[in-house]
Amino acid sequence: METVAELLGPNAGRVSLITTSFPLDDVGYRQEEYVLAGQATAYEPAGSADADGRWSVRESRSAPFRTRIVVYRPSDPDRFTGTVLVEWLNVSSGADVAAEWLTTHRHLVREGFAWVGVSAQREGVDGQGTFSLARNGTGADSGWSPMLPPLKQTDPDRYGELDHPGDPFAFDVFTSAGRAVRDGLFPGARVLAAGASQSASYLVTYVNAVAPRSGVFDGYLIHGRPGNPASLTGWDGVRSGAVRIRTDGPAPVLVLQTETDVVGVLQSAGSRQPDADRFRLWEIAGAAHADTYTIRAAFGDSGALGAAELAALLAPTRNPFGPEFAAPINSGPQHHYVAQAAVAALDRWVRSGTAPAVAPRLTLRAADSDGADRAHPLELDAAGLARGGVRTPWVDVPTAVLSGLGQEASGGGAVLFGSTWPFAADVLAARYPGGHDEYLAAFARSTREAIDRGFLLAEDEDEIVAVAAASYPGDRAGGGAARA
């Protein structure tokens, strides 16, 4: 049965997706939605699934499927850069979320990428999958809520004929989407696969088991992966134990992790592996799996917001959408700026063979002599910020302690949001006795250093420094006294 992508009726105001809220017309883009239909294969192990990630599989069964894909493309075809980012939509909230688009859309739009979101899992289609934070109640006490129901509940008239056979088939559904992009929607394009959080766990399994058979994608961005990837049967069969990513394929893989992912609830530290010719691992110091950009700024950040507006949206909060968290949410915007640099680096890697920068790992603290772990799993500097990892001005020229941890007392989904603890007025004054001007000069130098190292983009430099200027919490005239 040939895979077919058919345009799904009028798109304006009808597409159901948790994504950016500004009109795409404002940034010179247009939206399309397609039904993707065909025959999907499920796989089973053809040997042991070892920790090295080199998994052999065989076809086990097949089933017809009808899912959807969402396409964002430049309205002017001449603006298309030739690269398509194909995202495995995240369903942890119980509905499809364009997590990678939300995080990196400013760069994608600026450069003229196309973006394709794939409803690869059953949860996003009809809510009958195996895992979502919303359905399982793991976020109920922390204000986590599904902002939309699954597709068939959102709009039965539009999506009622979709039919997903289940997550064992999700890997081949994603392959079919990649082929539809490469062979039909964007012939001749470079096709990058991306997935964040739960979707990243599926992409780890995809790279290890399915990519050698499919050969569809030119590169992979795996963002915020847990240590344990999904199994071939889906999230309900998650593989126990740390798993590395195979590096013997032709398509390069860039893994982007925060402190939360490495030593927090997602516990990927045991899955660390050396950089290689086709593999890079970036771990961002001071970053959380989700932050104030994720939950507030991303949705309306079209590029038209001023620095003061962005700074206000990025400010610390204990949860704007529900019960207060135990700590203010991580408010350092380094996560999405580094993610944009990661997309650019992966695209360059595929285009020209120029590999991304090699990043130091976050520095883990050793166990005490009796084998017990220390109070904090990362080695911290005198200010309480993590050592090692990808360095940005928010941790090298700080005004607060930013961490991917700190919400454990909140429970549920709150543990993904990290924490922000602003420096006391006397600490800020001692660190920057010249006040705002001294702080901003040091911040600007650090920003340029991060750009030169390859972890921030020069195109973001002016905005990064302007947001820092607008959010400095001390006295602009000097002395560093905290504002009331």
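**Backbone, rings and helix packing**

N319 counts as buried because its relative accessibility is 11%, and buried means under 20% relative accessible area. The model in which this value was computed is a predicted one. N319 is found in the loop between helix 10 (307–314) and helix 11, and its phi is near 125°, a positive value in a residue other than glycine. Most residues other than glycine have a negative phi. A positive phi in a residue other than glycine is also found at Q267, where the angle is near 50°; Q267 sits in the loop between helix 8 (259–263) and strand 9 (279–284).

From the backbone we can turn to the aromatic side chains. How many aromatic pairs does a search of the whole structure find? The search returns 22 aromatic pairs. A pair of aromatic rings is described by the distance of the centres and the angle of the planes. For F174 and Y206 the ring centres are 5.8 Å apart and the planes stand at 85°, so this pair is edge-to-face, given that planes over 60 degrees apart are counted in that way. Because F174 belongs to helix 6 (residues 170–185) and Y206 to helix 7 (residues 198–214), the pair ties together parts that are 32 residues apart in sequence. Both residues, F174 and Y206, are buried.

Y206 also takes part in an edge-to-face pair with F217, with 5.9 Å from centre to centre and 70° between the planes. This pair links distant parts of the chain, since Y206 is in helix 7 while F217 is in the loop between helix 7 and strand 7 (219–223), 11 residues apart. Y206 has a relative accessibility of 0% and therefore counts as buried, and F217, with a relative accessible area of 4%, is buried as well. The rings of F174, Y206 and F217 belong to one aromatic cluster, which is formed together with W88, F171, Y202 and Y220.

Two packed helices are described by the angle between their axes and the distance between the axes. Helix 1 (residues 99–111) and helix 11 (residues 334–352) have axes that come within 8 Å and cross at roughly 45°, and the two helices are therefore oblique to each other. Their crossing is right-handed. On the side of helix 1 the contact is made by T103, T104, R106, H107, L108 and R110, and on the side of helix 11 by H336, A339, Q340, V343 and A344. Sorted by class, this contact of helix 1 with helix 11 has 4 nonpolar, 5 polar and 2 charged residues.

Helix 1 also packs with helix 9 (residues 292–300), at an angle of about 50° and with the axes 9 Å apart. Which handedness does the crossing of helix 1 and helix 9 have, left-handed or right-handed? The crossing is left-handed, and the two helices are oblique to each other. In this contact L102, T103, H105 and R106 of helix 1 meet Y293, A298 and F299 of helix 9, and by class the residues divide into 4 nonpolar, 2 polar and 1 charged.

Conventions
Residues numbered from 1 in each chain as written. Predicted model: local features only at pLDDT ≥ 70, side-chain atom pairs only at ≥ 80, totals over all residues. Heavy atoms only, no water. Axes fitted to C-alpha atoms, helices over the stretch in contact; angles between N-to-C directions. Helix = DSSP H or I, 4+ residues; strand = E, 2+ residues; numbered from the N terminus. Parallel < 35°, antiparallel > 145°, perpendicular 65-115°, else oblique. Left-handed = near helix turned anticlockwise from the far one by under 90°. Contact = heavy atoms within 4.5 Å. Nonpolar A, V, L, I, M, F, W, Y, C, P; charged D, E, K, R; others polar. Phe/Tyr/Trp six-rings, centres within 6.5 Å; stacked < 30°, edge-to-face > 60°. Buried < 20%, exposed > 50% of the residue type's maximum accessible area, 1.4 Å probe, protein only.
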